[in-house]
Each structure stands twice: as structure tokens, then as C-alpha cells.
Amino acid sequence: MGKKFTIKTKYSEEQLIVLLKEKNETGFHHLYDHYSGALYGVILRIVQSKEYTEEIIQDVFVKIWNSIHQYDASKGRFYTWMINIARNTAIDYLKSKGFQNELKNQSLPDFVYDSTELSTTNDSSDYIGFASVLESLETDKKELIDLAYYQGYTQNEISEKLKIPLGTVKTKMRNALMKLKDLLKDYQ
């Protein structure tokens, strides 16, 4: 009889990063199994379509796999790095010419999302309880976070939309992120 091998099903963040850098498929499967739900929630919140989210999530994991050597632990947590990749990929997708043309070619009934199934305010799309944390922010801070991180506005675009100076947007955004970081420290 041969040796029995046990498959490790739990990896520390550091072990997972090493496996990914070694292009280990088991590490990739662990990554997908343990992080796809949270990243799916982030993407769905931005694009508000399950169909597009499923397309984007694949791209996100390919980007993580291909750019794992760019991750720098001294600059932040691995999970935060992955969320930024997911967020940026979703925003890039929304801004892409192909997506914009697709929206222009849809009839109005197909374009209007009135289904509660696609609603991003339900609990099933909020995998990490972020909505409740965000709700505890002041209204102006919530608005800035929403515009920048969920709708993909740049700080210049926020300045124009809200008709406030760019310097004020930068200061308020910094304050909002510091408050959010303070609120999230209890969740780590």
C-alpha cells in the first residue's frame, strides 16, 4: 500500500502568497475558494449585474495569478490588494468602449434594472458586512466613498459633480478613508 497524503485545506496568507508565486495550482484553488465570494460582492456592487460580474471575476483571478509578484506586503494586506484589483477591473470594465457600446445598443426595458435579484442592497451581496460599516459613516463621507469606490469617479470628477474645490475633495476623502479605517479595525 502506498502512502496516504492529506491535502492541506487552510493556508496562512503568507503561505498562500508563496504558493501563488510558485504558480501552485492548489494555492490558486484555495485562493478562489476562500476569496471569490468577497471579491464577487465587491464587483457586483460596482457593475450591478450578475452576468457582468461573473465575466469580470474570472479576469480578476487571472490578474491576481499573473501579477502576484507585484504584491508588496509592506504596502498593505493581501486581501486589500485583491479588492483593489477587483475594484479597478470592474471600473475599467464599466468605462470600456465595448461595455459603453453594449449599453447604447440595449433597449430601455433591458437596461433598467428593477429586479430585486440584482439589488446590491440585499445581504447576500454583502459578504463582509461592509454595508453596515459604511452606514455608520456621516452622509458626506458615505457619498464620497460611494462615488469614488463604487461608481468609479476620479477626485476631479467628484469635484465637478459636487461643485466643491478639488483640494476639499481630497481632504474630505482622506478624512472619510481614515474614519472608515478606524471603523474597520474591529473587523480584522
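Which backbone nitrogen does the side chain of S159 reach?

## Serine 159 and its surroundings

In this predicted model, the side chain of S159 comes to 3.5 Å from the backbone nitrogen of L166. S159 itself belongs to helix α9, which spans residues 155–162. With a relative accessibility of 13%, S159 is classed as buried, because buried means under 20% relative accessible area.

When neighbours within four places in sequence are set aside, the contacts of S159 are I164, P165, L166 and V169.

A pair of aromatic rings is described by the distance of the centres and the angle of the planes. Across the whole structure, 9 aromatic pairs are found. In one of them, the ring centres of F28 and F61 are 6.2 Å apart and the planes stand at 85°, so the pair is edge-to-face. F28 is part of helix α2 (residues 25–47) and F61 of helix α3 (residues 50–67), so this pair ties together parts separated by 33 residues in sequence. F28 is partly exposed, at 22% relative accessible area, whereas F61 is buried, at 2%.

F28 also pairs with W65: their ring centres lie 5.2 Å apart with planes at 80°, so this pair is edge-to-face as well. W65 lies in helix α3 and F28 in helix α2, so the pair ties together parts 37 residues apart in sequence.

## An aromatic cluster

One aromatic cluster is formed by Y35, Y71, F78, Y79 and W81.

Conventions
Residues numbered from 1 in each chain as written. Predicted model: local features only at pLDDT ≥ 70, side-chain atom pairs only at ≥ 80, totals over all residues. Heavy atoms only, no water. Phe/Tyr/Trp six-rings, centres within 6.5 Å; stacked < 30°, edge-to-face > 60°. Helix = DSSP H or I, 4+ residues; strand = E, 2+ residues; numbered from the N terminus. Buried < 20%, exposed > 50% of the residue type's maximum accessible area, 1.4 Å probe, protein only. Polar contact = N/O pair within 3.5 Å; in protein donor to acceptor, adjacent residues only side chain to side chain. Contact = heavy atoms within 4.5 Å.
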